[in-house]
Amino acid sequence: MAPNLLILGGTTEATALSGAVHQAGLRAVISFAGRVERPVRQPIDRRIGGFGGVEGLVSYLQDQRVTHVIDATHPFAAQMSRNAIAACAQTGMPLIALTRAPWTPVAGDRWQSVPDIPAACAALQGPARRVMLAVGRMHLAEFAPNPQHFYLLRLVDAPASPPPFPDHHVIVSRGPFTTADDKALMQRFEIDCVLSKNAGGKGAYAKIEAARELGLPVTMIDRPDIPPRHEVFSVQDVLDWVAHTGTDRGV
């Protein structure tokens, strides 16, 4: 059976992979959760929306005769990753994760690591500050208990309703960004601290470098726990894996 790939997308890595599998002439579908209003155009077939949990994903894999699953979701899309692990274990489906190495502090960084969003909210208790809040629009409401701050919000899509902060500024833009531009942005809005998910990779790292150059503290949210799986960090590694992983399972 010829390879028939399901790419769980939503990242720049997934977009790069879809281009590579298209160039290689591989049959593939890229799936988006539907949280971004303007997903990047893809050269392969796409689907949008959830699968309906593990059972729904199992049914999809079987109905569509998928041979390989590539999890190229965001490192914080933990539930989708867990569902993929469970569904592939249940069906015997080969699974690989195309992910990003997490960021680690280097000389000059002033990081406070926190385990999750609630801990990040707790870290913002105290006097008013000017915060660059880089957590995505889905989590903005969770920071409403700290309305004393000014929040700089840079989002891929405009929020459906006004953010729950009396003092804020929204920038709608899609990365990657440069360190020089992010440094200028922080200076323009007189940012005195940055709060960010540990997304890893290069596309969103500019704000971390800018904070370092400006001597600003960063509250860094650790990645959620995901069960062990085969992980790689390059598109070529995925293509090599597909070429050397059998497709004779009869699905």
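**Entry 1: a loop residue**

I started with Glu190, which sits in the loop between helix H5 (179–188) and strand E10 (193–197). Helices (H or I, at least four residues) and strands (E, at least two) are DSSP runs, numbered from the N terminus. I looked up the backbone next: phi of Glu190 is near 55 degrees, a positive value in a residue other than glycine. Is Glu190 buried or exposed? Glu190 counts as exposed because its relative accessibility is 56%. The cut-offs I used are under 20% relative accessible area for buried, over 50% for exposed, and partly exposed in between (1.4 Å probe, protein chains only).

A note to myself on the source: this is a predicted model, where local features need pLDDT of at least 70, side-chain atom pairs count only at pLDDT 80 or more, and totals for chains, interfaces and linings use all residues. Residues are numbered from 1 along each chain as its sequence is written, and side-chain values use heavy atoms, with hydrogens and water left out.

**Entry 2: another positive phi**

I then turned to Arg65, in the loop between helix H2 (53–63) and strand E4 (68–71). Phi of Arg65 is near 55 degrees, a positive value in a residue other than glycine. Arg65 counts as partly exposed because its relative accessibility is 43%.

**Entry 3: H2 against H3**

Staying with H2, I looked at how it packs on helix H3 (residues 78–91): the angle is about 55 degrees and the axes are 9 Å apart. Axes are lines fitted to C-alpha atoms, for helices over the stretch in contact, and angles run from 0 to 180 degrees between N-to-C directions. That angle makes H2 oblique to H3. Angles under 35 degrees count as roughly parallel, over 145 as roughly antiparallel, 65 to 115 as roughly perpendicular and the rest as oblique.

Which residues meet here? From H2 I listed Gly53, Val54, Leu57, Val58, Leu61 and Gln62, and from H3 Met80, Asn83, Ala84, Ala86, Ala87, Gln90 and Thr91. Contact means heavy atoms within 4.5 Å. By class, the contact of H2 with H3 has 8 nonpolar, 5 polar and no charged residues. For the classes, Ala, Val, Leu, Ile, Met, Phe, Trp, Tyr, Cys and Pro count as nonpolar, Asp, Glu, Lys and Arg as charged, and the others, Gly among them, as polar.

**Entry 4: H5 against H6**

Back to H5, which packs on H6 at an angle of about 60 degrees, with the axes 8 Å apart. That makes H5 oblique to H6. The contact is made by Thr179, Asp182, Lys183, Met186 and Gln187 of H5, together with Ala206, Lys207, Glu209, Ala210, Ala211, Glu213 and Leu214 of H6. I sorted this contact of H5 with H6 by class: 5 nonpolar, 2 polar and 5 charged residues.

**Entry 5: around H6**

Which residues of helix H6 (residues 206–214) are buried? I found Ala206, Lys207, Ile208, Ala210 and Ala211. The cover over the buried residues of H6 includes H5, E10 and strand E11 (218–221). After H6 comes Gly215, whose phi is positive, near 75 degrees.

**Entry 6: the whole chain**

Finally I stepped back and noted 7 helices and 12 strands in the chain. Buried residues make up 45% of the 251 residues in the chain. Along its principal axes, the C-alpha trace of the chain spans about 60 × 35 × 30 Å.
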